[in-house]
Structure formats: C-alpha cells, structure tokens
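Here is a short report on one protein model. It covers strands, aromatic rings and annotated positions.

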Amino acid sequence: MLVGSMDDFWQSNGHQSSRKLLRAIPKQITSVMQADVLWGMGITGGGVKVAVFDTGLAEGHPHFRHLAERTDWTNERTMDDGLGHGTFVAGVIASSSQCLGFAPDAHLHVFRVFTNNQVSYTSWFLDAFNYAIMKKINVLNLSIGGPDFMDHPFVDKVWELTANRVIMVSAIGNDGPLYGTLNNPADQMDVIGVGGINFEDQIAKFSSRGMTTWELPQGYGRLKPDIVSYGSGVHGSSVKGGCKSLSGTSVASPVVAGAVTLLASGVLHRGRAINPASMKQALMASARRLPGVGMFEQGHGKLDLLKAYQILNSYKPQASFSPTYIDLSECQYMWPYCTQPIFYGAMPTIINVTILNGLGVTGKIVGKPQWHPYIPQNGQHLEVSLTYSEVLWPWSGWLGVSVGVARGAAQWTGAAQGHIELTVESPGEEAGDSAPRRSTIRLALKAHIIPTPPRQKRVLWDQYHNLRYPPGYFPRDNLGNKNDPLDWNGDHIHTNFKDMYQHIRNQGYYVEVLGSPLTCFDASQYGTLLIVDPEEEFFPEEVAKLKRDVDQGLSLVVFADWYNVTVMKKVKFYDENTRQWWMPDTGGVNVPALNDLLSSWNVALGDRVFNGQFTLNENTVNYASGTTIARFPDSGVVLAFALQDQGAELLGSKTKITEKVPILGLLQTQSMAKSGRIVIYGDSNCLDNSHLQKDCFWMLSALLDYTSTGHLPSVFSDNRITFKNKNSDLPQRMEGNHLYRYSKVLVNRIGALQSRPLPLCPHLEWSLPIPLNKSAPTNLYKSQKLLSLSLDAAAEIPIWPKQQQQQLDSNWGEEDGRHATGGVASAEGGGVGDSDWWPVIGLLVVAAAAGSAAYKWLRCEARPRRRRAARLRRLMSVFMAPVV
C-alpha cells in the first residue's frame with residue numbers, strides 16, 4: 001500500500017464568493033471542550049503513553065514538557081518535522097504552552113512515518129507498530145488514511161495493536177461530502193473513527209462520510225464515523241513555536257485522541273476495565289447527537305468530554321451495539337433507511353450492526369440471538385433473519401440483521417416493533433478469576449410497513465456487477481479527473497449514487513438492491529432493472545435469464561462508461577510500494593461483458609471515448625468520458641450529438657476532433673406482446689456524485705417513465721436519427737488482463753479463462769419469533785442508554801487529589817503484560833464508584849458547583865465560519881493562515 005504523495009498539500013482550493021460576517025475563532029480548543037474542568041481536578045494526562053504516527057517533531061520544541069521519545073521509520077534519517085503536520089497533531093494532544101493540548105502531562109512518543117514529501121510505506125508502519133506494542137503505548141493517533149482496506153498486513157497489525165490494549169484513534173478522511181469515502185484504518189470496528197465539524201456544530205464539508213464499503217456487494221456497510229469533533233479552524237503548535245490554524249479530519253482525530261488520553265489518565269484506578277472497547281463505548285454513549293444530520297455523517301454524535309468521564313468512572317464491563325437501536329422510520333438520523341418503507345416481497349433490508357465487547361479482547365455469542373416481536377405493536381408482521389460472527393475479536397464482532405415483511409402484511413400499513421436479544425461471553429483473565437463473564441444486550445427494532453407497490457414502480461439496482469478498488473486497479477470513470485485515478489466509492493445507491501437514489505425516490509419509485517447474480521431475483525415483481533457502471537463479467541446463465549425476463553415484461557436501463565484498450569494502457573502507473581506497474585483490467589466499464597449481455601437484442605457499444613456538452617430539451621447535458629453505440633436494431637430510437645474525441649486527445653492528438661456520435665438508444669422489444677423495453681446510454685458520470693458536474697436526473701426520470709409505461713417522451717422521439725450499424729469489430733478484452741483475480745465470475749484454469757460455477761442464491765432463514773405481550777417507547781433514541789445511570793447529575797464527576805492521581809500514574813496496563821488473548825475487565829472491580837477510591841464527599845459538591853460555573857464561563861459564543869480544506873490522500877489536513 002502506497003501511503004501517499006500529493007502535490008497540492010499547500011494549495012488552497014477555495015475563495016470568498018461573497019462578503020460574510022467573520023466570527024472569532026476560539027483560541028483554545030481545550031477550553032471549548034471543557035478540558036479545564038478536568039485539569040482543575042488534577043487530571044492532566046499523567047501516567048498515559050500516547051503515540052503520534054506522523055511527520056515527526058523537532059527536538060526541544062518549547063510546547064512539550066514530557067517528550068518521552070522520538071523515532072524515525074522513514075529513509076530520510078531525521079526525526080524533525082519538515083512539514084509541520086506532526087507538530088500540530090502532537091500539540092493538539094499534549095502541548096503545555098500557548099496553544100494548549102488536552103493532556104500536557106502525558107508521555108508523548110513521536111513516530112516519524114512520513115517523509116517530507118508525504119510518502120510512506122506499509123513496511124514502515126508495520127515496524128513502527130511493532131515498536132509501539134513493545135513500548136506498551138496506551139493511546140495511538142493516526143491522522144492518516146487511505147482507501148485500501150484490503151492491505152492485509154496493515155489491517156492485521158492494527159488488530160494486533162488493539163488486541164494489546166492500544167486505543168487507536170484515526171481520521172476518517174477528507175473526501176467529503178461524498179458518501180462511501182471512509183479511509184482505513186478508521187473504518188475498522190476496533191478503531192475509533194473520527195469525523196470533523198466546525199465550531200457551529202455543522203459537519204465539515206471535507207469530512208468523509210460512511211458507510212463502510214468492504215461488505216459490498218452481498219452485504220451492507222456499517223455505521224461510521226464513530227464520533228465527530230472539531231476539525232475546522234483549530235489552533236495548534238507550529239514547527240518553531242507559536243500557533244497556527246489547521247483544518248481537516250487530521251485535526252479532529254487528535255482532538256479525540258487528546259481527549260481519550262486525558263480521560264484515560266483520570267480513570268487509571270479502573271485498571272483493566274479501561275480498554276479499546278470500553279473507551280469507545282463511553283465516547284459513543286456520551287456523545288451529543290447533532291440535529292438533522294444522518295448517522296453516516298456524525299456517527300453517534302459530537303464528543304462530550306465531561307459526560308464521557310462520568311461514564312468511565314462508573315463503567316461496568318459490558319457489551320453494546322452500534323448503532324444502539326434500529327428505527328427504519330426515523331429521519332434524518334437513520335438515512336437512508338428512513339427514506340423507503342418496507343413491504344412484502346421486497347429484497348430484505350440489511351442492517352450491519354457492530355457488537356462492541358467491553359468484557360474482553362475475545363468473546364463469543366452464547367446460543368443464538370433471539371427475535372422478540374411485540375404483539376401490541378404489530379411485531380408479528382416483521383420477519384427477521386440474524387447472522388453473526390462466531391468469535392468477537394479484537395473487542396468487537398458483527399450482527400447482520402435482515403428485515404422483511406410477513407406474507408400476511410402484504411396489504412397492511414403501519415409501524416411494527418420488537419427487539420433482538422443476545423448474550424456475549426468472555427473468559428476471565430485475572431488471577432483466580434476463571435469464571436466467564438456475560439453481558440445480555442437488546443437491540444430495539446422498528447419499521448414502517450406499506451402494501452406492496454405495483455410492479456412498474458419497483459426498480460432493482462444491480463450491485464453484484466460493480467467492482468472497485470481495492471483490490472484491483474479499476475480506473476476512474478471520468479478521465480478528465482486526474483487527481484483520483486481509482487474507482488473506490490462502492491458504486492452503491494447509498495454512497496456515490498446517493499443523490500440519484502434520492503431523486504428516484506422523490507419520483508415515487510421504490511429502489512431495491514440486488515447483491516447476487518441476475519439469476520437470483522423474481523423479475524415478475526419489478527418494472528426496471530438498472531445496471532450502472534458495471535466492471536464485472538456476466539455468467540452465461542445470467543445472459544439467458546435476462547433475455548427471458550425481458551420477454552416477460554422486465555425493462556432494462558444501462559448506463560455505461562468509456563472502454564478502450566489503448567487508453568487503458570495509457571493510464572497505467574508505477575506503484576513505488578509494490579515496485580510494479582499497475583494496469584487497469586477494464587475501462588470505466590466492462591464493455592465486452594455488456595455487449596455479451598445485450599447481444600440477444602443486437603445491441604452493442606463501441607470502444608471510442610468521447611466527452612463534451614450537448615443540449616436536449618433545453619437541458620444542458622455533460623458527457624464525461626463516455627462510449628458510443630455501435631449496433632442497435634432498426635426499430636429502435638437512437639439519439640446522436642456532437643462531441644469531442646477524448647480518446648484521441650489522451651493518446652496525443654494535437655487537434656480536437658468533433659463528431660456527431662450515437663450515445664442514447666431506446667428499444668421496445670418485440671419477442672412477445674408484453675415484452676419489456678431496453679435503454680442504453682454511454683456515460684454514467686451524470687448520475688455519479690464522484691464526478692458530478694451537472695446531473696442528468698431529469699433524463700433518468702424520463703427513461704424510467706418510458707420503461708415503466710411504454711410511453712416514449714417527445715424529447716427522445718423528436719431528436720431521433722437514422723442509425724446505421726457499424727460493420728467494424730466490437731471491442732475485445734485486453735490480452736493478459738488479470739480481471740479473474742478480482743472477479744466473482746471468472747476463474748483462470750491453467751491459463752484458460754472460464755466462468756466459475758454459478759453460485760447458489762442466498763437463502764435467508766427467518767428467526768423463530770418469540771412474541772412478547774409488551775409495548776415499547778415510540779422514541780427509541782431517548783430510551784437507549786449504555787449504562788443504567790444518570791448522565792445529568794454533575795455530582796457524578798469525582799475529584800482526585802493530586803497525590804492520589806500520581807500513585808496511579810504507573811498502574812495502567814502493567815499487570816500481567818499485554819497479550820492478544822487477554823484483556824477481560826473485572827466485573828467486580830467495574831462497579832459504580834468504589835468508596836475506597838473516592839475523595840471526601842464534600843469535594844463532590846464543590847466539583848458540581850465548579851463544573852457548572854466553568855461550563856457557563858467557558859462556553860464560547862463566537863464561532864468561526866468553516867473553511868474548506870485541500871483534499872489529501874493520507875495526511876488529512878491543510879494549513880490555514882498562521883497565528884502567532
């Protein structure tokens with residue numbers, strides 16, 4: 001995995017378009033987060049080792065009084081920071097002067113893993129991670145990331161780190177506002193993934209959004225980020241002293257890492273009850289939800305330092321869910337689930353739930369999870385299928401919840417509720433503690449059911465044939481976008497096709513996702529199959545079934561992209577990490593595979609690449625790196641427009657070549673009286689948020705109207721041309737390509753490519769319902785709590801005498817060493833507030849009064865206008881104007 005090199009690190013990418021009231025930026029992020037309250041209690045980070053993996057730090061920097069160690073893992077033989085990124089990150093965590101950090105008395109370990117050219121390699125990180133384990137680091141911040149969640153050595157080493165009780169905090173990336181842009185390792189369940197907000201508590205535009213995408217196509221992504229915090233216009237340390245302002249999730253991550261370090265130092269007395277899972281649980285349970293913001297933007301909400309401290313002080317080891325409940329009708333937080341009710345016969349709605357195990361690093365689910373429908377609230381109308389991880393390691397596992405509607409509710413409207421219950425068990429690890437520990441947890445479930453819609457209003461999205469990076473090099477769909485060579489956003493209706501999905505829903509269509517081959521759906525239930533930007537091959541059985549389905553009335557809409565073998569060779573690049581040339585295995589779309597699929601109707605696409613703009617029905621359409629139609633039946637309608645030959649330009653042509661080329665075809669098939677319709681368009685970029693310059697949603701609406709009703713809109717019939725099929729050869733697959741390595745369809749048998757055996761269609765086993773005659777709250781969010789304690793009582797914050805805190809400084813993580821199989825917290829030692837540890841009760845009253853007064857005084861009313869940060873691959877921030 002090449003960990004990054006970008007030329008635009010210092011560049012600004014925005015300017016003022018209008019005059020606005022500029023508000024003062026708070027000088028101290030620690031004051032905004034009320035770290036002062038904990039400082040006043042003697043909690044300042046002492047006893048905690050925090051590591052910063054970044055660009056280094058200068059020796060003798062005046063802001064750091066506990067710099068324990070600097071190490072260099074690059075090939076530059078220096079430990080100094082030539083960029084200022086690492087200095088800033090370290091300052092937010094542990095600065096003790098000017099621009100204050102959260103934990104000034106923490107022991108700071110600086111790992112230089114990036115060169116001054118922002119280049120790093122997986123091997124450098126692996127070596128540095130091993131050293132961090134040996135040094136028994138407690139908290140580790142990674143203000144870096146990338147899309148390669150299949151860099152297995154890196155991912156495995158992150159698991160090993162957290163298994164050794166290292167609390168890892170990582171930035172989710174600066175690829176927002178696009179969905180499906182989470183960076184690794186922040187997308188891992190054992191890592192605290194952090195997104196960014198501005199000081200007006202709005203999600204920063206640059207902050208990447210969920211969901212995770214490594215579960216696609218068969219499954220569904222998990223909830224990420226975990227939490228958000230301030231990452232726009234934050235002040236921190238500069239290289240030579242003084243302060244500067246920085247924006248990005250690189251900033252939000254150390255804000256959380258600094259807060260975690262501070263929190264950990266305040267609960268050293270809790271011993272091994274504090275671990276990566278319990279810390280994450282406390283942050284999530286105490287977070288303040290931002291109104292009107294979806295869960296894939298904010299996770300569990302905004303970091304609340306003082307409430308997290310309250311929870312950690314009284315934390316009892318337990319398991320928990322993320323999200324903590326499922327309400328498929330709650331907008332805006334439960335977007336996209338809340339945008340479409342469920343109904344009988346639909347593809348099951350999949351919710352991928354994370355199980356956090358605060359009991360220990362390893363665990364298991366006892367027996368099977370159980371589904372309890374609530375009879376008074378129509379829970380019997382829901383069908384629930386549950387799959388789950390056999391082993392929870394490290395600190396986490398998963399629960400797959402598939403929700404359907406019972407046959408008896410095919411014409412029913414209303415809300416249905418119930419809950420899922422499971423028990424997590426972890427082994428004891430303390431001396432003399434051989435009894436396993438258990439935690440029983442419940443996941444509330446609520447859904448809105450409607451009668452099954454008519455066939456013509458149901459659209460099926462083909463997810464199975466979309467491939468992306470990782471693992472293979474699948475190039476960008478828009479060849480004009482040279483900043484991002486990889487297609488890595490998942491190509492899902494809830495990621496980079498999010499706006500298209502919302503538009504279709506607003507038009508009254510119901511959109512479902514097919515994560516299995518085309519042989520695995522009942523075409524009689526759907527009006528239109530939508531295939532957009534497919535890179536995968538098709539099984540012969542799929543080609544045959546689709547022909548039968550269209551004959552029986554199913555319509556097909558295909559949005560393609562560019563394909564040209566010579567251009568594919570042109571966009572290869574050399575990867576310094578693997579020391580290999582990366583050659584794409586297909587174009588923006590797999591045109592030869594599409595032509596096989598469409599051959600039954602004498603429809604085929606060509607291999608020339610065009611771009612430009614044209615006008616249709618007073619709408620300007622942007623055509624970005626699309627293909628053309630090579631063959632189409634005489635009975636069909638074909639539209640052509642004047643576009644530039646982008647392929648020739650990319651291959652060195654000095655003159656722009658403009659031609660009128662066919663790019664849109666509409667066909668009413670004639671095999672049977674009720675045969676369906678076929679639409680083919682040569683470019684998908686006008687639907688894709690990744691490259692969207694001007695959308696063509698209006699055209700998609702017109703095409704869906706045609707496929708669902710048979711009525712040909714005049715905007716198409718009035719612009720048809722007389723089309724003649726080309727006699728030239730159709731595009732061929734590139735010789736020597738390695739698509740079979742990543743394909744679910746192809747296999748290489750002794751040098752010969754063959755189709756794999758057609759996989760079995762997924763079959764869900766519905767859980768046996770165990771009905772309960774009980775009612776549930778209508779607002780599931782307010783009823784959920786991690787712990788059975790009140791977070792509103794200020795007296796929950798204890799005060800630790802300075803000398804007592806110092807006695808605990810060396811206790812965390814020293815007993816019994818650190819091993820991947822350990823880490824189970826003591827059930828007895830994890831109770832709420834042991835009196836042996838608490839100070840005089842009168843000090844609690846003083847703390848309550850002081851905390852209340854400090855909160856009111858420190859609350860900052862003047863907040864800044866968010867500035868947009870430059871987009872980076874790995875070091876996820878950009879410097880703003882320096883502040884001395």
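## Sheet, rings and annotated site

Strand β11 pairs with strand β17 (residues 437-449) in the parallel sense, over 3 bridges. This pairing, like everything below, comes from a predicted model. In β17, L445 is the bridge partner of I326.

Both strands belong to an open sheet of 4 strands. The order is β11-β17-β16-β13, and the pairing is mixed. At the edges sit β11 (325-327) and β13 (364-373), each pairing on one side only. Neighbouring strands of the sheet are turned by 15° against each other on average, with direction ignored.

**Aromatic rings.** The whole structure holds 29 aromatic pairs. One of them joins F559 and Y681. The arrangement is edge-to-face, with 5.4 Å centre to centre and 65° between the planes. The angle counts as edge-to-face because it is over 60 degrees. This pair links distant parts of the chain: F559 is in strand β21 (residues 555-559), Y681 is in strand β30 (residues 677-681), and 122 residues separate them. F559 is buried, at a relative accessible area of 0%. Y681 is buried too, at 1%.

Elsewhere, one aromatic cluster is formed by F53, W73, F111, F114, F125, F129, Y131 and F154.

**Annotated site.** Which residues carry the UniProt feature "active site"? The unreviewed entry places it at D54, H85 and S250. These residues span 197 residues in sequence, yet no two of their C-alpha atoms are more than 10.1 Å apart, so they gather at one spot.

Where does H85 lie? Its place is in helix α3 (residues 85-94). Is H85 buried or exposed? H85 is buried, with a relative accessible area of 0%. The side chains of H85 and D54 are joined by a polar contact of 2.6 Å.

S250 is found in helix α6 (residues 249-266). S250 is also buried, and its relative accessible area is 0%. The value lies under 20%, so S250 counts as buried.

Methods. Residues numbered from 1 in each chain as written. Predicted model: local features only at pLDDT ≥ 70, side-chain atom pairs only at ≥ 80, totals over all residues. Heavy atoms only, no water. Pairing = 2+ DSSP bridges. Helix = DSSP H or I, 4+ residues; strand = E, 2+ residues; numbered from the N terminus. Axes fitted to C-alpha atoms, helices over the stretch in contact; angles between N-to-C directions. Phe/Tyr/Trp six-rings, centres within 6.5 Å; stacked < 30°, edge-to-face > 60°. Buried < 20%, exposed > 50% of the residue type's maximum accessible area, 1.4 Å probe, protein only. UniProt positions renumbered as here; feature names shortened; annotations may be inferred. Polar contact = N/O pair within 3.5 Å; in protein donor to acceptor, adjacent residues only side chain to side chain.
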